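Open the structure in your viewer and keep the selection tool at hand. This short tour tells you what to pick next and what to look for there.

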Amino acid sequence: MGKRYTLPIPFGWYGIAFSDELNVGDVKALHYFGRDLVLFRTESGEAKVLDAYCPHLGAHLGIGGTVKGETIACPFHGWQFNGEGYVEEIPYAEKIPPRADGKQCIRFYPVVELNKAIWCWYHPDDIDPLFEVFRIDELYSDEWDDFIHRDWVVNAAIQETAENAADKAHFAFVHRSQDVPFGEIKHDGYQRHAHLTATSPAMLEDGTLDETGEHWCDFFIDTSNNGPGQTWQRFTGIFDTLMMGLVIPIDDDHIHLRFAFKQKKDQNELQQIMAQGLIDELSGQVEEDIPIWNNKAYRAQPLLCDGDGPISQFRKWFSQFYAEPLVEEEVIKGNEKAPDIEELKNKIMTREINSEQ
Ligand code: FES
Ligand SMILES: [Fe+2]
């Protein structure tokens, strides 16, 4: 059987946890980027990410490891490593062995804590960050409520789920929404922005919607991506909702998709109901997409038509996040190679002969 996906894990910043999921002194075992990792928060409050396995005799630092000061202590023999993967202390040895002394001995991942999340930079060749996490100002304002979280694990490559936004035709078939306007799309280096204006019945002074059809107002949806792992959407005009999406590769064909919604506090009851309806609608759309994502194959050379939306432009933008150029070959599950008819006949014959014996 061939793999359904041939796409490697793209490089970028990935939100591997929300800040409030990691208190001072907490240690967590994670599995992202096809690697076992340990995430911990030091006593001074810094979040750190290392590969999980101890260079001494291989214990998993995330299972039973403890924070000591600015280091993590291995559960097996107590060696202490700082957040950059250097040995700081071996409790029972007189000196640090030369192979480790002053040298990094565990792979570490650059970490930034921003937007109430812990972002980890992944690059398959361990190249330093090429861009920054984008700061979302609303997340620092007390005019907005707490996060409402939604979480999914999807059996798909990260490019495939992201492509959905550019896949115009699927909205009618998977989500039953008609006439999805696409608005203006801007590809800007590592970022991508889509600005869309829709029309809605206006909200009247008494907080109800105009049902006469006379008063209309604009409703704006601004969707942005900063690399493959950070996405956010702002809904403004009739009510205010913000969605920050974390997209984290678990391995090359599974992703963890995490949506965190925020609503503006000073909204009337109807606006709150509409904002909640939007959260349910967007989450419902993900759940409608999941059976497609979980079972589809990646088409490197898709057969596209004029109503499909800007899929090719999206792929071109996304391809910059691969360390190596993609091998654009089709590998479809169960269909890697056309069977040789003669060989097949021989197999059948052999079976017939065997069954006669
Ligand atoms: S295996 Fe980690 S200290 Fe020995
Ligand atoms: Fe979708």
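Two strands count as paired if DSSP finds at least two bridges between them. Keep in mind that this is a predicted model.

Stop 1: Select residues 184–188, strand β13, and then residues 191–201, strand β14. The two pair in the antiparallel sense, over five bridges. Pick I185 and look across to β14: A194 stands opposite. Now go to the turn. β13 and β14 form a hairpin, with two residues between them. Click G189 there; its phi is positive, about 60°.

**Stop 2: the next strand over.** For one pair, select A198 and find its bridge partner in β15, F219.

**Stop 3: the largest nonpolar core.** Which residues touch the most other members of this core? Select Y14, I16, V38, L39, C120 and Y122. The core holds 51 residues. Next, highlight strand β11, residues 117–122. β11 gives the most to this core, six residues. Colour domain 1 (12–122) and domain 2 (140–317): the core draws at least three residues from each.

**Stop 4: around Y122.** Centre on Y122. Leaving out residues up to four places away in sequence, Y122 touches I9, F11, G12, Y14, F33 and Y109.

Conventions: Residues numbered from 1 in each chain as written. Chains lettered and ligands numbered in written order. Predicted model: local features only at pLDDT ≥ 70, side-chain atom pairs only at ≥ 80, totals over all residues. Helix = DSSP H or I, 4+ residues; strand = E, 2+ residues; numbered from the N terminus. Core = buried A, V, L, I, M, F, W, Y, C linked by C-beta atoms within 7 Å. Buried ≥ 20, exposed ≤ 12 C-beta atoms within 10 Å, placed from the backbone. Domains from an automatic or database assignment. Contact = placed C-beta atoms within 7 Å.
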